[in-house]
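Visitor: I'd like to learn how to read a protein structure. Could you take me through one, feature by feature?

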Amino acid sequence: MSCDNHMDRGLVPDPSTPADADRKVEWAVLGHLLDANPDRFTIPEVSRAMNAGKADFGSEDAVERAIRQLVGAGLLHCCGGFILPTRAALYYWRLAE
């Protein structure tokens, strides 16, 4: 498992709109889960990992929104309370390496 801080991926250096900020969190969450695969995490565990040191509602909500969007897009799925990357997301990740 990589120890990278996925919130610092730098995909959107200075989010100027809420949509840009949401995309940055989505990339960070997806990257975290793909790097950690096959480890399994619950939503609260993902939120704690992504928000190390920040326990405010806005940060936690951003991670939960990102997970919801990624599930809706077919890149993550929920299985027995755990959030897992889909086969398509894993395939993309391997191609991008």
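Visitor: How many salt bridges does a search of the whole structure find?

Guide: Some background to begin with. This is a predicted model, where local features need pLDDT of at least 70, side-chain atom pairs count only at pLDDT 80 or more, and totals for chains, interfaces and linings use all residues. Residues are numbered from 1 along each chain as its sequence is written, and side-chain values use heavy atoms, with hydrogens and water left out.

Guide: Now the general idea: side chains of opposite charge can pair when their charged atoms come close. A salt bridge here is a side-chain nitrogen of Lys or Arg within 4 Å of a carboxyl oxygen of Asp or Glu. The search finds three.

Visitor: Which residue forms a salt bridge with Arg23?

Guide: That's Asp20, with the closest N and O atoms 2.4 Å apart. Helices (H or I, at least four residues) and strands (E, at least two) are DSSP runs, numbered from the N terminus.

Visitor: Is Asp20 buried or exposed?

Guide: Buried means under 20% relative accessible area, exposed means over 50%, and partly exposed is in between (1.4 Å probe, protein chains only). Asp20 has 17%, so it is buried, while Arg23 has 41% and counts as partly exposed.

Visitor: At what angle do α1 and α2 pack?

Guide: Axes are lines fitted to C-alpha atoms, for helices over the stretch in contact, and angles run from 0 to 180 degrees between N-to-C directions. Helix α1 (residues 18–36) and helix α2 (residues 43–50) pack at about 110°, with their axes 11 Å apart. Angles under 35 degrees count as roughly parallel, over 145 as roughly antiparallel, 65 to 115 as roughly perpendicular and the rest as oblique. These two are therefore roughly perpendicular.
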